[in-house]
Amino acid sequence: MDWESWQHSWDRQQELYLPEREERFRVMMDVVAAAVGPTPHVLDLACGTGTISRRLLERMPRARSVAVDMDPTMLAIARGSFQGDSRITFLTADLSDPGWMESLPIEPFDAVLTATSLHWMKSEPVMRLYADLAKLVRPGGVFLNADHMPDPETPILNAIDEVIQNAHQERARVTGALDWEQWWATVACEPRFAEEHAGSRAIFDRHGGGDEHPIGWHCLRLKEAGFLETGVAWRSINDAMVVAIR
């Protein structure tokens, strides 16, 4: 299996919707390096294909990552890409399950990182997750969440952003970028992913949709969960990266 090709196709598909995706990751790694140093113990939350861990270990080769997800296709690509790399451990867990932390190592984390994932969850499980993370991150450590965080009080700006995103997607499609459904169709056509794809489809079929919230909601919920300080490390019109200091 050509794991690098799968990683590249996933990146292009995600960039169709997130043209500033790599800039978000650059800022994320800047914050981690500045806050906790060059050898962090990191929890890659809802890791997908291991995108964050790839950027982390490229930037900080002595880092260690525990990468958690529930999607079997994503985890198959991630595990294949990192085969033989002792710096990373993969775990299967559903973040909406109150017992999701049971398989984690006891050692606290210097940083917990996630991107484009928590908007898939309902509000109550996210609040419970934030309380869990306050227990997992060591004092002085950081949590970074880069995600869709639209503000319902800025409808004109939101409409402008929609025009910008539609124009970007049109340009990306001309150069061959696949959208979400097209990418999953390529997975379905790969016989070696038959079992994993069936598992992924079962997850999608029972998923009832998540809740999106503006930046202030996330900052407030993180403070309520026990984080010392919260703020914004990066933002565009409808996307942002919230940082919380433990």
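What share of the contacts in the protein chain with a separation of 6 or more comes from residues 24 or more positions apart? Such residues account for 74% of these contacts, where contact means heavy atoms within 4.5 Å.

The structure is a predicted model, in which local features need pLDDT of at least 70 and side-chain atom pairs count only at pLDDT 80 or more, while totals for chains, interfaces and linings use all residues. Residues are numbered from 1 along each chain as its sequence is written, and side-chain values use heavy atoms, with hydrogens and water left out.

## Overall form

The protein chain has nine helices and seven strands; helices (H or I, at least four residues) and strands (E, at least two) are DSSP runs, numbered from the N terminus. The radius of gyration of the protein chain, taken over C-alpha atoms, is 18 Å, which agrees with the value near 18 Å for a compact globule of 246 residues. The globule rule behind that value is 2.2 Å times the number of residues to the power 0.38. Along the principal axes, the C-alpha trace spans about 50 × 45 × 35 Å.

Of the 246 residues, 49% count as buried. Buried means under 20% relative accessible area, exposed over 50%, and partly exposed in between (1.4 Å probe, protein chains only). The accessible surface of the protein chain comes to about 11,500 Å², and 55% of this surface belongs to carbon and sulfur atoms; the areas come from the Shrake-Rupley method with a 1.4 Å probe, and for residues only the protein chains shown count as cover.

The protein chain carries 24 positive and 37 negative charges, whose mean positions are 4 Å apart. Here Lys and Arg count as positive and Asp and Glu as negative, whereas His and the chain ends are not counted. The place of a charge is taken as NZ of Lys, CZ of Arg, CG of Asp or CD of Glu.

Helix H4 (residues 72-81) is largely enclosed by the rest of the structure, because seven of its ten residues are buried. These residues are Thr73, Met74, Leu75, Ala76, Ile77, Ala78 and Gly80. Their cover includes helix H1 (3-17), strand S2 (64-69), strand S3, helix H7 (180-188) and helix H8 (194-206).

Two residues in the covering elements illustrate this arrangement. Threonine 92 lies in strand S3 (residues 88-92) and touches Asp69, Met70, Leu75 and Arg79, not counting residues up to four places away in sequence. The C-alpha atoms of threonine 92 and methionine 70 are 5.1 Å apart, although 22 residues separate them along the chain. Serine 200, in helix H8, is buried at a relative accessible area of 0%. Apart from neighbours within four places in sequence, serine 200 is in contact with Asp71, Pro72, Thr73 and Trp184.

## Helix H9 and the cysteines

The buried residues of helix H9 (residues 215-225) are Ile215, Trp217, His218, Cys219, Arg221 and Leu222. They pack against helix H5 (123-136), strand S5 (137-148), strand S6 (229-235) and strand S7 (239-245). Just after H9, glycine 226 takes a positive phi of about 120°.

Cysteine 219 counts as buried at 13% relative accessibility, and cysteine 47 counts as buried at 5%. The count of disulfides is zero, a disulfide being a pair of cysteine sulfur atoms within 2.5 Å.

## Loop residues

Proline 40 is found in the loop between helix H2 (21-36) and strand S1 (41-45). Leaving aside neighbours within four places in sequence, proline 40 is in contact with Val32, Leu56, Met60, Ala63, Arg64 and Asp110. Proline 40 and phenylalanine 109 are 69 residues apart in sequence and 7.8 Å apart in space, C-alpha to C-alpha.

Alanine 46 lies in the loop between S1 and helix H3 (51-59) and has a positive phi of about 55° although it is not a glycine. Threonine 116, in the loop between strand S4 (109-115) and H5, is likewise a residue other than glycine with a positive phi, near 50°.

| Residue | Relative accessible area | Class |
|---|---|---|
| Proline 40 | 1% | buried |
| Alanine 46 | 23% | partly exposed |
| Threonine 116 | 18% | buried |
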